[in-house]
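Welcome! Please take a look at the chain below, and then we can walk through it together.

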Amino acid sequence: MLPPMFTRRFADRTALARLGRSVRERLAADPTVYALGNPKAEIFAVASFVTPAECAHLVGMIDATARPSPVYASGSEGQTYRTSYSGDVDREDSFVKMLERRISDLLGIDPAWGETIQGLSLIHI
């Protein structure tokens with residue numbers, strides 16, 4: 001018999017696999033969703049998920065909270081600069097709650113399972 005920590009880990013993995021199947025099936029049934037066809041990752045896109053005005057508003061929220069993304073030592077010897085900025089938006093903001101609800105509805109999962117929406121701004125060098 002496996003120790004409880006291994007049993008729990010397996011149960012979590014099984015639940016995640018079941019959830020992944022459910023989300024993939026839901027996305028496959030939605031005509032606005034398309035797979036990007038990456039052999040190393042399942043990446044999906046949604047046509048017109050946000051309006052241009054919503055996109056501009058979200059970009060503004062992200063830019064207002066953006067900070068340099070951290071530089072990690074592994075594989076970045078001597079690198080002291082970053083080419084991106086990360087911005088966490090306020091999860092309690094009504095606009096953010098609306099987007100989180102839309103994402104949860106699309107995926108068919110409880111919004112409580114989600115993470116804080118974060119944006120990334122890249123610097124072209």
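## A helix and a serine

The buried residues of helix 3 are Phe95, Val96, Leu99, Glu100, Ser104 and Leu106, where buried means under 20% relative accessible area with a 1.4 Å probe, counting protein chains only. An α-helix has 3.6 residues a turn, so residues three or four places apart point the same way.

This is a predicted model, in which local features need pLDDT of at least 70, side-chain atom pairs count only at pLDDT 80 or more, and totals for chains, interfaces and linings use all residues. Residues are numbered from 1 along each chain as its sequence is written, and side-chain values use heavy atoms, leaving out hydrogens and water.

Helices here are DSSP runs of H or I with at least four residues, and strands are runs of E with at least two, numbered from the N terminus. The chain has three helices and five strands, in the order α-β-β-α-β-β-α-β. Of its 125 residues, 19% count as buried.

Around helix 3, a side-chain oxygen of aspartate 93 comes to within 2.8 Å of the backbone nitrogen of phenylalanine 95 at the start. Just after the helix, glycine 108 has a positive phi of about 75°.

Now for serine 69, which sits in the loop between strand 3 (67-68) and strand 4 (84-88). Serine 69 is buried, with a relative accessible area of 7%. Contact means heavy atoms within 4.5 Å; beyond neighbours within four places in sequence, serine 69 is in contact with Arg82, Ser84, Tyr85, Ser86 and Leu120.

| Element | Residues |
|---|---|
| Strand 3 | 67-68 |
| Strand 4 | 84-88 |
| Helix 3 | 94-107 |

Technical notes
Buried < 20%, exposed > 50% of the residue type's maximum accessible area, 1.4 Å probe, protein only. Expected span 1.5 Å × (residues − 1). Polar contact = N/O pair within 3.5 Å; in protein donor to acceptor, adjacent residues only side chain to side chain.
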